[in-house]
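Here is a friendly walk through one protein model. Please keep the structure open beside you as you read.

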Amino acid sequence: MKKIIFSLIFVAFVFAEKNGKEAIYEEILPNGLKLLVVSDAKIPDVSCRLYYFVGSMFESYSNTGLSHFYEHLMFKGTKRLGTTNYEAEIPIMKEIDGIDSEILSLLRSGISPNDERILSLKNKLTQLQDEQRKYIIKDEIWSLYEKNGATGLNAWTSDDITAYIVTLPANKVELFANIEADRMQNLVLREFVSERDVVYEERRMRYENRPVNNYRLILESMFYSAHPYRNPTIGWASDIENYSTAALKSHIEKYYRPDNAIIVLAGNITPKAASQLANKYFAQIKNPKTEVDFVKTREPKPIGEKRFIVREKNAEPQIDIWFHTSGYPDSSLFALEIIENMLSGNSGILYKRLVEEEKLCTSVGAANFWRHHNGKFAIYAVLKKDISHEKVEKIILEEIEKLTKEEPKSDELLRVKNTLKRQHLEKFKNLEGFSDELAFFAKFGDWRGLFEYQDKIIEIKSTANIVKKYLDPNFRTVGWLVNE
């Protein structure tokens, strides 16, 4: 009950003003770091989140997954955290790096992993890792946070943003500023080799051992012909195996810097107190001399249909139909939000037809993905056993065709808009969700777009022309996962 009360107070606070964005304090430090603060003294905690505008879309060939890998290493400590003697670690890490480079070079030359030279080097590597562990304080960053009442400590990486998140008691927020400023400028690539193995195993368990995830990962890489959205966030297996400290350091310098980051503090903290902490801990951090790199590649206009069929033993059969859309802030995205809601959910067109009426599927839905440059509108259906993929695909295309010929009735349009409004407000029912939404719009250029969403939805009067333009079956990408 207590949690619900806090949530309701927070929503009431944010939207008490006619213009909710007036409740947000914004400050840009001299080094370009952006600070956003949402204050509410009625809440005992503060959601503390540091976002870097980097992810898999900023990674090149041979280096896919580096952002996700760095997310792991960010918890290994700094020059002062996670170690009893950093100076003693330096020569050990240098030697580990040299031996690892030699092993990778030998493997790339075609030598067997069981070759005596490889085995000898790996044995030496193990000895050095054991020696370094004598100085390592395992999980010290986690322990510091938890000892000070932290909850929700975590991190995540997507195609265009990486987040380091924790919720702290109001009197412990300085700990967040202290630790994150230290990680921003003094991170040590500690346990690089062993953590690389951890990430490789994570990928194997999540994808190679799970047919539906592997199917979707490859489908995504097919959907985008040119744009680096095609890169899997976790990286390609062959890239992970060959990560080097040099490549990661180059990636860090390009993107993990004050002028490519935003801090969001939401809860029991005043703008003045937040500003003092930000300036005390982050303002002195310098940016690299080079400018933040940016993605120049754009997805070419589709010129035909793509089709991908995977046959797997014991797989749950499903079908995916994806369409290319415009990047944010194109106004069509808001009409596509309405179209998504018309198709999705238990009251949606596809559910009624495929699940309730014809009983061909166990679940169906649609999703409108907002992205920087080239978005995606996805429709999926999970089929019952022995149901024809052709039949389900045909029905989906029939329902899309209907949407191009007639506009939604006024009462249906009102229902959808009210649903979207409620779903939009649901995201603000806790500090963490609200922080993520601010960052979501900030990555597109301006967090104020968060408070324009509902007005943009209300403005939509027509959807048929948008369906016709973007959900053109001649340019669809189709995936079938078939149970062999």
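The sections below go from model confidence to a helix, a histidine, the cores and the salt bridges.

Residues are numbered from 1 along each chain as its sequence is written, and side-chain values use heavy atoms, with hydrogens and water left out.

The predictor's confidence in each residue is its pLDDT, on a scale from 0 to 100. The protein averages 94, and 96% of the residues reach at least 70. Residues 1–18 stay under 50. For that stretch the model has 29 contacts beyond four places in sequence, a contact being heavy atoms within 4.5 Å. Where pLDDT is low, the predicted coordinates should not be read in detail.

Helices (H or I, at least four residues) and strands (E, at least two) are DSSP runs, numbered from the N terminus. Helix H11 spans residues 271–281, and its buried residues are Ala-274, Ser-275, Leu-277, Ala-278 and Tyr-281. They lie on the same side of H11 because they cover an arc of only 165 degrees around the axis, taken from the directions from the helix axis to the C-beta atoms. Buried means under 20% relative accessible area, exposed over 50%, and partly exposed in between (1.4 Å probe, protein chains only).

The face of H11 turned away from the buried side carries the exposed residues Lys-272 and Lys-280. Covering the buried residues are, among others, strands E1 (24–28), E2 (34–39) and E6 (261–267), together with helix H6 (173–186).

## A buried histidine

Look for His-324 in strand E8, which runs over residues 318–326. His-324 is buried, at a relative accessible area of 15%. Its side chain reaches the backbone oxygen of Phe-223 at 3.2 Å. Setting aside residues up to four places away in sequence, His-324 touches Phe-223, Tyr-224, Glu-299, Pro-302, Gly-375 and Tyr-470.

## Nonpolar cores

A nonpolar core is a set of buried Ala, Val, Leu, Ile, Met, Phe, Trp, Tyr and Cys residues joined through side-chain atoms within 4.5 Å. The largest one has 76 residues, and those touching the most other members are Tyr-52, Tyr-70, Tyr-145, Phe-176, Leu-248, Leu-265 and Phe-282. Helix H6 supplies the largest share of this core, with 7 residues. Another core, of 66 residues, lies apart from it and includes Val-38, Leu-343, Ala-442 and Ile-466.

Neighbours within four places in sequence aside, Tyr-70 is in contact with Tyr-164, Arg-183, Leu-187, Leu-189, Leu-248, Ile-252 and Tyr-256.

## Salt bridges

A salt bridge here is a side-chain nitrogen of Lys or Arg within 4 Å of a carboxyl oxygen of Asp or Glu, and the count comes to 38. Glu-201 pairs with Arg-204, their closest N and O atoms being 2.5 Å apart. Both residues sit in helix H7 (residues 192–208), 3 residues apart, about one turn of the helix. Glu-201 is partly exposed at 35% relative accessibility, and Arg-204 is partly exposed at 33%.

Arg-257 bridges to Asp-259 at 2.8 Å between the closest N and O atoms; Arg-257 is buried at 2%, whereas Asp-259 is partly exposed at 33%. For Lys-296 and Asp-293, the closest N and O atoms are 3.9 Å apart. Lys-296 is exposed at 59%, while Asp-293 is partly exposed at 28%. Elsewhere, salt bridges that share partners join Arg-353, Glu-358, Lys-394, Glu-398, Glu-399 and Lys-402 into one network.

How values were computed:
Predicted model: local features only at pLDDT ≥ 70, side-chain atom pairs only at ≥ 80, totals over all residues. Polar contact = N/O pair within 3.5 Å; in protein donor to acceptor, adjacent residues only side chain to side chain.
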